[in-house]
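Here is a short note for a colleague opening this structure for the first time. Please read the points with the model on screen.

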Amino acid sequence: MTLKTGLGASALVALAGLTPTAGIAQGEVNIYSSRHYDTDERLYSDFEDATGITINRIEGNADELIARMQAEGRNSPADILLTVDTSRLERAKDAGVLQPIESAVLEARVPGYLQDAENEWFGFSQRSRIIFYDKQDVTEPPATYQDLADPKYKGQVCIRSGTNAYMQTLLAALVEHMGEEAARDWAAGVVANFARDPQGGDTDQLRGIVSGECDVVLSNTYYFARAIRTEVDGLSDSRDMIGWVFPNQDGTGAHMNLSGGGVAAHAPNKENAIKFLEYLASDQAQKYFSAGNDEYPAVPGVGLSPSVAELGFFKPDDVNLSAVAKQIPTAQKIFNEVGWK
């Protein structure tokens, strides 16, 4: 796991000596984050400027951070855990490293379906997991997630591993909507349509269209929006050949992946932690999520950046993500049963 400083010399000194006693000092908040985006620096610096609260930050893999918080127990200096995807937020809750909080600001600004039922985590930005396709080779792209299992797409579909958190959450949402048996049939049908064994990340799936290896892929929107906003090798120069579909617009809507966080179970600076989460729900921070990382804001009414807006407007799936999280073990079982590597 790598260590990265927060902002400025004061944060560097504080992080270097991050101990249980250091974490209790007034005017600080200690963040464990698995978000790895340079554009988030503006979120941290603006919060520090606005509040005078110094941010100390440790970055690493989500599972490693959760395990670290468990090992540290009551001596943990962590005030906040930030991570990506509902599955990891629920994993942290199940591990006992988060605590329920009360915040009128978060309750008012974050839609209920983007909150944990016990208020142990809240969503602050979203990415839609949608279908991309080769416009030259695919004249009738899939209109729904269910269509990905249609035999007419045999040998055309490229998709990520069943161990990937994004895929686990998508299948968990399908279990919630369709039931376990129908979701298993769907997963088996998609496996039968693979163009190749699952490999790589979302950008690799999109590059597979450019290379001609894949005709239909699933990816989170922000990977493609990033190629609109800035240069992405092997993708930006060829993005005109790629079309996209927001699935299930006549039904449940397009699946949304979540980025969010919660207050650590033994947070020594709980009040400051809640202030930081409330800041993430502010209009200012919500605009940064879209402009800086090509994500969709979680708070309704916040404007989109041009790169995100270019993808178009759509109906999102507003299924309760706390309910979806409870289906993740079932989703993983299904992936194993149908041979989804």
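1. **Aromatic pairs.** Two rings of Phe, Tyr or Trp (for Trp, its six-membered ring) pair if their centres lie within 6.5 Å. Planes under 30 degrees apart count as stacked, over 60 as edge-to-face, and the rest as tilted. The model discussed here is predicted. The structure holds twelve aromatic pairs. Two of them are described next.

2. **F224 and W244.** The ring centres of F224 and W244 are 5.3 Å apart, and the planes stand at 55 degrees, so this pair is tilted. The pair links distant parts of the chain. Are the two partners buried or exposed? F224 has a relative accessible area of 1%, so F224 is buried. W244 has 27% relative accessibility and therefore counts as partly exposed.

3. **F276 and Y279.** For F276 and Y279, the ring centres are 6.3 Å apart and the planes are at 40 degrees, so this pair is tilted. Both residues sit in helix α10, which covers residues 270-280. They are three residues apart, about one turn of the helix. Both F276 and Y279 are buried. They also belong to an aromatic cluster, formed by Y44, F47, F276 and Y279.

4. **Overall form.** Now step back to the whole protein. It has 14 helices and nine strands. The C-alpha trace spans about 60 × 40 × 35 Å along its principal axes. Why does the radius of gyration agree with a compact globule? With 341 residues, such a globule would have a radius of gyration near 20 Å, and the protein has 20 Å, so the two agree.

5. Of the 341 residues, 58% count as buried. Take the contacts with a separation of 6 or more: residues 24 or more positions apart account for 79% of them.

6. **Surface and charge.** The accessible surface comes to about 13,400 Å². Carbon and sulfur atoms hold 49% of that surface. How many charged side chains are there? The protein has 29 positive and 48 negative side chains. The centres of the two sets lie 1 Å apart.

7. **Helix α4.** This helix covers residues 86-94. Its buried residues are T86, S87, L89, E90, A92 and K93. Note that E90 and K93 are on that list. What covers them? The cover for the buried residues of α4 includes the helices α3 (62-72), α6 (165-178), α13 (321-325) and α14 (328-338). It also includes the strands β3 (80-84) and β8 (256-263).

8. D85 lies in the loop between β3 and α4. Its phi is positive, about 90 degrees, although D85 is not a glycine. D85 has a relative accessible area of 0%, so D85 is buried. Just after α4, G96 also takes a positive phi, of about 80 degrees.

9. **N248.** Look next at the loop between β7 and β8, where N248 is found. Phi of N248 is near 60 degrees, a positive value in a residue other than glycine. N248 has 8% relative accessibility and so counts as buried.

10. **E231.** This residue is found in the loop between α9 (221-229) and β7 (242-245). Which residues does E231 touch, not counting those up to four places away in sequence? They are S236 and D237. E231 and R88 are 143 residues apart along the chain, and their C-alpha atoms are separated by 30 Å.

11. **K341.** The place of K341 is in the segment after α14. K341 is exposed, because its relative accessible area is 57%. Leaving out residues up to four places away in sequence, K341 touches S161, G162, D197 and P198. K341 and T51 are 290 residues apart in sequence. In space, the two are 47 Å apart, C-alpha to C-alpha.

Terms used:
Residues are numbered from 1 along each chain as its sequence is written. This is a predicted model: local features need pLDDT of at least 70, side-chain atom pairs count only at pLDDT 80 or more; totals for chains, interfaces and linings use all residues. Side-chain values use heavy atoms; hydrogens and water are left out. Buried means under 20% relative accessible area, exposed over 50%, partly exposed in between (1.4 Å probe, protein chains only). Helices (H or I, at least four residues) and strands (E, at least two) are DSSP runs, numbered from the N terminus. Contact means heavy atoms within 4.5 Å. The radius of gyration is taken over C-alpha atoms; the globule rule is 2.2 Å times the number of residues to the power 0.38. Accessible areas come from the Shrake-Rupley method with a 1.4 Å probe; for residues, only the protein chains shown count as cover. Lys and Arg count as positive and Asp and Glu as negative; His and the chain ends are not counted. The place of a charge is taken as NZ of Lys, CZ of Arg, CG of Asp or CD of Glu.
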